[in-house]
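Here is my note for a colleague who is meeting this structure for the very first time. Please read the points in order, with the model open beside them.

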Amino acid sequence: RDHDSPSNIADLSILDHEGRTPYMFHPKEIDFLRPDPSWEKVEIVLSRDDLSIESICVALRDIIAESNPKRSRALCRLQIIDMLFCDKEGNEVELSRRRKVVFDRFLKSALLRSVQEP
């Protein structure tokens, strides 16, 4: 059995009925619930002008693997919802700035590529 498969990893980005992750919901900051890799590591990857969208994906999976002892590259380990929307990660100005970075440096390119003619 593959112990690094997504079915064996707690998905900390799962939302409750009010749209909150476990990190958002818990009244205290608990290291286990904090996004790891951190936003700072994600932003370093997203800020590199020399990376294509494919290379960004590989680099993000690499920092995910570096952040856990089993070196799992499972995308559910990237707690992007917490990084972009949880007030424990920053004030509204900072969270808005992060969302713009993700849109400008990743989502916009990925979405445009998905509608291009072959």
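1. A salt bridge here is a side-chain nitrogen of Lys or Arg within 4 Å of a carboxyl oxygen of Asp or Glu. This is a predicted model, in which local features need pLDDT of at least 70 and side-chain atom pairs count only at pLDDT 80 or more, while totals for chains, interfaces and linings use all residues. Residues are numbered from 1 along each chain as its sequence is written, and side-chain values use heavy atoms, with hydrogens and water left out.

2. The salt bridges come to 12 by this rule, and one of them joins the side chains of Arg20 and Asp16, with N to O at 3.0 Å. Arg20 counts as partly exposed because its relative accessibility is 25%, where buried means under 20% relative accessible area, exposed over 50% and partly exposed in between (1.4 Å probe, protein chains only).

3. Glu43 and Arg97 form a salt bridge at 2.6 Å, N to O, and this pair links distant parts of the chain, since Glu43 lies in helix 2 and Arg97 in helix 5, 54 residues apart. Helices are DSSP runs (H or I, at least four residues), numbered from the N terminus.

4. Asp62 and Arg73 also form a salt bridge, their closest N and O atoms being 2.5 Å apart; Asp62 belongs to helix 3, whereas Arg73 sits in the loop between helix 3 and helix 4, 11 residues away. Separately, salt bridges that share partners bring Glu43, Glu89, Glu94, Arg97 and Arg98 into one network.

5. Which residues touch the most other members of the largest nonpolar core? Among its 17 residues they are Trp39, Val42, Val45, Leu46, Ile56 and Leu60, a nonpolar core being a set of buried Ala, Val, Leu, Ile, Met, Phe, Trp, Tyr and Cys residues joined through side-chain atoms within 4.5 Å. Helix 3 gives this core its largest share, six residues.

6. Val42, leaving aside neighbours within four places in sequence, is in contact (heavy atoms within 4.5 Å) with Leu60, Ile63, Leu78 and Met83. A second, separate core of five residues includes Leu12, Met24, Leu33 and Cys86.

7. Ser67, in the loop between helix 3 and helix 4, counts as buried because its relative accessibility is 15%. Its side chain reaches the backbone oxygen of Asp36 at 3.4 Å, and Ser67 touches Asp36 and Pro37, not counting residues up to four places away in sequence.

Conventions: Helix = DSSP H or I, 4+ residues; strand = E, 2+ residues; numbered from the N terminus. Polar contact = N/O pair within 3.5 Å; in protein donor to acceptor, adjacent residues only side chain to side chain.
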